[in-house]
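User: I would like to learn how to read some local features of a model. Please take me through them one at a time.

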Amino acid sequence: MSAPLLSVIIPSWNRANWVCDAIDSALLQGPDGSIEVIVIDDASSDHTRALLQQLYARQIKAGTLVYRRLRQRKGSGYARNQGVALASGTFLAFLDSDDLWLEGKLAAELDTFERFPETQVVISDSLSFAEGEANKQSRFEFNGLQASCNKRECWLKECDWLWTNCENSVATCSITLRRDLLPTLGLPLFADDLISCEDWELELKLYQVCRVRVIPALFAHVRSFDDASRVERAAANKPRSLKQTLSLLQNRRTVMERTRLLPELPQYLHNEFNRMRELTEQQLAQLLTHDGQSLSLDN
């Protein structure tokens, strides 16, 4: 079989109820053989393996669906890295096992890569759902990128978007990059020592060293369910616990401590990064002296 055009990496843990939706939404992005879906099962205890082997026997035999199950749970960053190691596509993309891609996503991205061959990374918009209820704003509307790009496709460097604020990140399923970037970015691509913020750490690297094209069109649904699969993170429509909040802030601080922004970046990006660093330290200090069970993270 010839090399696929796109490798889609799906980490999954106890998401048998949702992972097939993600797989199907990826495979439908192109004709047979053009999409390689790699599911890394992070030691699920549900029936994920049996389900995929039953429903996707033809795709597994053809090599368009690759399924690997880890013996021990390692986290989404580690699972994604295992998928990266197996990928053979020209482009790499990531899709969480409870999320969906919408029709036309890959076609729009390929059009951008063709029209602007110097493009190394493409990012697009998404809409989040909690237990089936959609947010009032898309991700780009919420994080300011829709306004910064004036609702038109453009280069990231043309936007005054505050991507050095961790709250302004894009969905991981909305990032597509050329696989030949890996030597430049370095491996592992995702930090495997973090429970959260590993995606923002990758974004900080991509936006500094890559030529990034922004497509202000909605091509993904980011879904969350109260299904006990988000142990380290807040479940849908529920506040973070004290432990979850502490973990998030500690992971955020770790990312900022080991990130060195390029001096030539606009000063407003440096200022926002420093503001977020100070805010995180303040929130951590408040949390460590807090005697309740949860804490608001409003900025």
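Analyst: This is a predicted model. Start with helix α1 (residues 19–27), in which 7 of the 9 residues are buried, so α1 is largely enclosed by the rest of the structure.

User: Which residues in α1 are buried?

Analyst: They are V19, C20, A22, I23, S25, A26 and L27. An α-helix has 3.6 residues a turn, so residues three or four places apart point the same way.

User: What do the buried residues of α1 pack against?

Analyst: Their partners include three strands with ranges given here, β1 (6–12), β2 (35–41) and β3 (65–69). β5 (100–101) also packs against the buried residues of α1, as do the helices α2 (48–55) and α3 (57–62).

User: How should I read a pair of packed helices?

Analyst: Two packed helices are described by the angle between their axes and the distance between the axes. Here, take helix α9 (residues 198–209) and helix α10 (residues 242–258): their axes come within 9 Å and cross at roughly 20 degrees. An angle under 35 degrees counts as roughly parallel, which makes α9 roughly parallel to α10. The crossing of α9 past α10 is right-handed.

User: Which residues in α9 and α10 meet?

Analyst: From α9 come W200, E201 and L204, and from α10 come R252, V255, M256 and R258. By class, the contact of α9 with α10 has 4 nonpolar, no polar and 3 charged residues.

User: Is M256 buried or exposed?

Analyst: M256 lies in helix α10 and counts as buried because its relative accessibility is 1%, where the cut-off is under 20%. Leaving aside neighbours within four places in sequence, M256 is in contact with W200, F273, M276, R277 and T280. M256 and N274 are 18 residues apart in sequence, and their C-alpha atoms are 8.9 Å apart in space.

User: What is the relative accessible area of Q250?

Analyst: Q250, also in helix α10, has a relative accessible area of 35% and is therefore partly exposed. For a separation in sequence and space, take Q250 and E103: 147 residues apart along the chain and 37 Å apart, C-alpha to C-alpha.

User: How many disulfides does a search of the whole structure find?

Analyst: The search finds 0 disulfides. C159 is in none, and the nearest cysteine sulfur, that of C154, is 3.4 Å away; a disulfide needs the two sulfur atoms within 2.5 Å. C159 counts as buried, at 6% relative accessibility. C197 is in no disulfide either, with the nearest cysteine sulfur, that of C166, 6.1 Å away. At 10% relative accessibility, C197 also counts as buried.

User: Now the backbone. Where is the residue E131, and what is its phi?

Analyst: E131 sits in the loop between β6 (121–130) and β7 (133–134). Its phi is positive, about 50 degrees, although E131 is not a glycine. With a relative accessible area of 41%, E131 is partly exposed.

User: What is the phi of N150?

Analyst: N150 has a positive phi of about 55 degrees and is not a glycine. N150 is in the loop between α7 (145–148) and β8 (154–155). Its relative accessible area is 56%, so N150 is exposed.

User: Is the peptide bond from L187 to P188 cis or trans?

Analyst: The bond from L187 to P188 is cis, with omega near 0 degrees. P188 is in the loop between α8 (182–185) and α9.

Definitions and conventions. Residues are numbered from 1 along each chain as its sequence is written. This is a predicted model: local features need pLDDT of at least 70, side-chain atom pairs count only at pLDDT 80 or more; totals for chains, interfaces and linings use all residues. Side-chain values use heavy atoms; hydrogens and water are left out. Axes are lines fitted to C-alpha atoms, for helices over the stretch in contact, and angles run from 0 to 180 degrees between N-to-C directions. Helices (H or I, at least four residues) and strands (E, at least two) are DSSP runs, numbered from the N terminus. Angles under 35 degrees count as roughly parallel, over 145 as roughly antiparallel, 65 to 115 as roughly perpendicular and the rest as oblique. A crossing is left-handed if the near helix is turned anticlockwise from the far one by less than a right angle, and right-handed if clockwise. Contact means heavy atoms within 4.5 Å. Ala, Val, Leu, Ile, Met, Phe, Trp, Tyr, Cys and Pro count as nonpolar, Asp, Glu, Lys and Arg as charged, and the others, Gly among them, as polar. Buried means under 20% relative accessible area, exposed over 50%, partly exposed in between (1.4 Å probe, protein chains only).
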